[in-house]
Amino acid sequence: MTLVFTLILVALVLFATEVVPIDITAIGVMVTLLLVEPLSAFAADVGLLAERVVVLSDGDATAVEQGLSGFASAATITVLSMFVLSAGVQRTGIIQVVGAKIATVTRESELKQLGATIGFVGPISGFINNTAAVAILLPMVTDLAHEGKTSPSKLLLPLSYASMFGGMLTVIGTSTNILASEISGRLIGQSFSMFEFTALGAIVTVVGSAYLLTVGRWLTPPRIKPESDLTEEFEMGEYLTEVAVREDSSVVGQTVRETLATTDFDVDIVQLIRDDEVFLEPLGAKAIRAGDVLALRTDRDTLVELSDLDGFDLMPDVTVDDETLEAANERQNLVEIVVAPGATIAGKTLDGPDFRQRFDASVLAFRRGDEVIRERMDRLRLRVGDTLLVQATPETIDRLYQDRNFIVAGEVDRPDFRTSKVPVALGIVVGVVGLAAVDVLPIVTSALAGALAMVLTGCLKPTEVYESVQWDVIFLLAGVIPLGIAMERTGGADLIADAIVSTATTLPPIAVLGLMYVVTATLTNVISNNASVVLMIPVAVTTAQDLGANAFAFVLAVTFAASTAFMTPVGYQTNLFVYGPGGYRFTDYIRVGGPLQVLFAVVTTLGIAFFWGL
C-alpha cells in the first residue's frame, strides 16, 4: 500500500507539472507496477525482503495480465472508436455548413453568437467526443467572432465549458464517462447505459448554459480586441517593415536560408518582393538579388543595425502591416495555429524542429495566454495551447490543417470535404447510439462496428483512421487503469474511504456525496480527468459501502465532477485548446469557472439524490 501511495503521489506531481507528457507518465506508472512483483520476488529469494510484494495479481489473473489490461480494456477500445467516428463526421464538412448558416443568423450580436456557440457545441458533444467537438468548432467560432466584430475571448471559454457539460448527455460524450462506466461495472456490477444520466445531463446543460449567457457572460473578459485582421490583433505594426536590397549589400547572391543562418540578429524574412511578384514560403532556396524588397519581422532597433551592416534601405512610408500583409491576409496567407494536445512539437523550440523548413511557413508572432511575443521566438519551448501567427501559402495552411500537431484557428477552404457522405456519416453515428441504447450490442461493439463502417462507406480513408486517434489519450487510459486496480488490491481505496467516513460521521449521506464531488472536481482541475476517475471511483464505492449508501450514486458524483474541470486551463484538454486563441490569463478560469463549479456541485448532488436516491 505504501508503494502504491508513493507511486500515486509521484504520478500526481508529474500529471500536474507535465514535466513529461501525461501519457508517458501513465505508461511509466504501468511499467513500475509490472516490475514490482518480479523484482520483489527476486529480493525475497535472496533474503532482502521477507515476502513477495503483490500489487496486481490475484487468483484469476497474473500481474502481467492485470498490468496490461488497460490496452485490452473495453473503455480504451470504445474511446479509440469514438475518435474515428468523430473524424468521419468532421471529414464530411457538415460542421462548416452549419457554422456558415449560424453566422448569417447571429451577425454582429454578441449574445446571439454566444447562444449559438453554446447551443451548438452542447448537444453535439453528447454524441461525438467533446474534445473533438471543440477542435472542430474552434475555427468556426473564431471566424464567427471576427465577422461579428466580437472579441474571440467572449466566445471561446464558453465553447470549452459547454462542451464539458454537453458531454454529460450520454455515456459516449467523453472518454471519462466511458472509463467510469467500465470501472463501475467491475466494482459494483453496474455499468452505464447509453442514456443512463441524460436527464441529469440535460438539467446540468440548461443550468450551465443559463449561467454562461448571464453571469458568465459578464465575468468573461474581452482579452482580445476584435480587430479587422490578424496583424492588428497581434499588434505587429512595429515589428513588420520592408527594406530594399542595395547593390553593395552583403546578402546579394545568398539564399534566404544562408542569410538567416549567418545572421546573429533576431530577424526573419517573411516575403520577398521582386518587381510586381510577391514570393511567400518556401523561401529558403530563393537567391536574393539587388533591388529585391524584403518584408522583415524584427524590432526597430535591430532594423537600424541591420540596415547599416547588411546594406538595406528602409522603404519610406511603407510598412508590411499596412499593405503587403494586409493583402496576404485577404488571400488567406495569414492564420493562427494552436499547438494541440499530444503534439510531437510540444517541448521543442521553433528553431529545434526547423519550423520554416518543415512546414514552409514563417512564424510572425507567438501568444501564450494573454502574453504576445514577437522577439526571439526561436528560443521559446512550445507548450500545448500556444498560438502561433503564421504566414504561409494556402497549400501549406491546408497541410497544417491536416497535421495532428496543430489546430488551425480559422476556417480553411477545403474542397476535399466529402459532403455527399453527410447522410451516411450521420446515419452511422445514429446507428451506433441506437444499437447501444436498446442493448442490442454492447457500446464497445457498436462503436467498433461504426468505426469500421466509416471506412467501408468512404467517409474516411483507411490511412485517416490512424491520424484521427488521439494516441496520447489512448496510452493515458491504458497506463492509469492498472493504477486503479493496484489501489483496490492493496487496500489503498479502503484506507482513504475509512478516513473520509471517520471525518464525516456527523454528516448526512447527501453531504458526503457533495464532498466526494468537490474532492474529485478539485483533483481533476490539477490532473487528468481520466486519472481522477481511476483514483476516486474505488474510494467513492468503498465510502458508500461503509455508509450503507447507494454506491452507484457515488460513482455518478465522481463521474460528473471529473468532467467539469472549469477552474484551470490544464484541467481539461478543451480548456487548453482555447487558452492561446482566447488570450486568457490563468485567473480567468477561476473567475469564470469558479462560480460555475460551485453551482454544478449543488445541482449535480441534488440531481443524483433525486434520480437515483441515496
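Tyr161, Phe165, Phe566 and Phe600 form one aromatic cluster.

Me: What kind of model is this, and how are residues numbered?
Reply: It's a predicted model, where local features need pLDDT of at least 70, side-chain atom pairs count only at pLDDT 80 or more, and totals for chains, interfaces and linings use all residues. Residues are numbered from 1 along each chain as its sequence is written, and side-chain values use heavy atoms, with hydrogens and water left out.

Me: Why is the pair Tyr579 and Tyr589 called tilted?
Reply: Rings of Phe, Tyr and Trp (its six-membered ring) pair if their centres lie within 6.5 Å; planes under 30 degrees apart count as stacked, over 60 as edge-to-face and the rest as tilted. Here the ring centres are 6.1 Å apart and the planes stand at 50°, so the pair is tilted. Tyr579 sits in helix H27 and Tyr589 in helix H28, 10 residues apart.

Me: What makes Tyr579 buried?
Reply: Buried means under 20% relative accessible area, exposed over 50%, partly exposed in between (1.4 Å probe, protein chains only). Tyr579 has 17%, so it counts as buried. Tyr589, at 0%, is buried too.

Me: And Phe71, buried or partly exposed?
Reply: Partly exposed, because its 34% falls in the in-between range. Phe71 is found in helix H4.

Me: How do you know that Arg418 forms a salt bridge with Glu464?
Reply: A salt bridge is a side-chain nitrogen of Lys or Arg within 4 Å of a carboxyl oxygen of Asp or Glu. The closest N and O atoms of Arg418 and Glu464 are 2.7 Å apart, so the pair qualifies. Arg418 lies in the loop between E10 and helix H19, and Glu464 in helix H21. Arg418 is buried at 16%, and Glu464 is buried at 8%. Salt bridges that share partners join Arg91, Arg418, Glu464 and Glu467 into one network.

Me: What makes E6 and E10 a strand pair?
Reply: Strands (E, at least two residues) and helices (H or I, at least four) are DSSP runs, numbered from the N terminus. Two strands pair if DSSP finds at least two bridges between them. E6 and E10 are joined by 3 bridges, so they pair, and they run antiparallel. Ile337, for one, has Val408 in E10 as its bridge partner.

Me: Which strands stand at the edges of the sheet?
Reply: The order is E8-E7-E9-E6-E10. E8 and E10 each have a single partner strand, so one side of each is left without a neighbour in the sheet.
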